[in-house]
Amino acid sequence: MSVNVRIPTILRTYTDGKSEVVAEGANLGEVIADLEKNHTGIAARVLDDQGKLRRFVNVYVNDDDVRFEQGLETATPDGAGVSIIPAVAGG
């Protein structure tokens, strides 16, 4: 399945400055693996040392927060939009 992944500014150094890239995968885990294959280093910014989504990175598939779906097992149908959004903190 081919999906469009929106890349936040902070991660665009891995995608040659591109704000959106195409990735392949039937679920989010496969999409992230494909991103890593084509944009080395990006997975380490999205996944922690245990291979789970980092606590302060939000990921959406078609506007659905994957934390309330099936996490990395969330289906990514053909043509889906995937958004990676780092949490912003301040005070």
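**Legends to close-up views**

**View 1. Asp16 lies in the loop between E1 and E2.** Strands (E, at least two residues) and helices (H or I, at least four residues) are DSSP runs, numbered from the N terminus. The model is predicted: local features require pLDDT of at least 70 and side-chain atom pairs count only at pLDDT 80 or more, whereas totals for chains, interfaces and linings use all residues. Residues are numbered from 1 along each chain as its sequence is written, and side-chain values use heavy atoms, leaving out hydrogens and water. Asp16 has a phi near 55°, a positive value in a residue other than glycine. Most residues other than glycine have a negative phi. Asp16 counts as exposed because its relative accessibility is 72%; exposed means over 50% relative accessible area, buried under 20%, and partly exposed in between (1.4 Å probe, protein chains only).

**View 2. Asn62 is placed in the loop between E3 and E4.** Although Asn62 is not a glycine, its phi is positive, about 50°. With a relative accessibility of 40%, Asn62 counts as partly exposed.

**View 3. Five strands form an open sheet in the order E2-E1-E5-E3-E4.** The pairing in this sheet is mixed; two strands pair if DSSP finds at least two bridges between them. E2 and strand E4 (64-65) are the edge strands, each pairing on one side only. Strand E1 (residues 2-6) pairs with E2 in the antiparallel sense over five bridges, and E1 pairs with E5 in the parallel sense over three bridges. Strand E3 (residues 57-61) and E5 run antiparallel and are joined by five bridges.

**View 4. Val82 in E5 is the bridge partner of Val61.** Val5 also stands opposite Val82 in E5. Tyr60 has Ser83 of E5 as its bridge partner. Elsewhere in the sheet, Arg6 is bridged to Glu20 of E2.

**View 5. The side chains of strand E2 (residues 20-24) alternate between two faces.** Val21 and Ala23 point to one face and are buried.

**View 6. Asp34 belongs to helix H1 (residues 28-38).** Because its relative accessibility is 11%, Asp34 counts as buried. A polar atom of the Asp34 side chain lies 2.8 Å from the backbone nitrogen of Glu24. Leaving aside its neighbours within four places in sequence, Asp34 is in contact (heavy atoms within 4.5 Å) with Ala23 and Glu24.

**View 7. The largest pocket holds about 180 Å³ of space.** On a 1 Å grid over the protein atoms alone, a pocket is an open set of points with protein on both sides within 12 Å along at least five of seven lines, whereas a cavity is a set where a 1.4 Å probe fits but cannot get out; lining residues have an atom within 4 Å of a point. Grid points are joined across faces, edges and corners, and the volume is the space filled by probe spheres set on the points. The lining consists of Pro8, Ile10, Leu11, Tyr14, Arg45, Val46, Arg54, Phe56, Val57, Ile84, Ile85 and Pro86. Helix H2 (42-46) and strand E5 (81-86) each supply at least two lining residues, and E5 gives the largest share, three residues. Ten residues of the lining are nonpolar, none is polar and two are charged. Ala, Val, Leu, Ile, Met, Phe, Trp, Tyr, Cys and Pro count here as nonpolar, Asp, Glu, Lys and Arg as charged, and the others, Gly among them, as polar.

Methods:
Polar contact = N/O pair within 3.5 Å; in protein donor to acceptor, adjacent residues only side chain to side chain.
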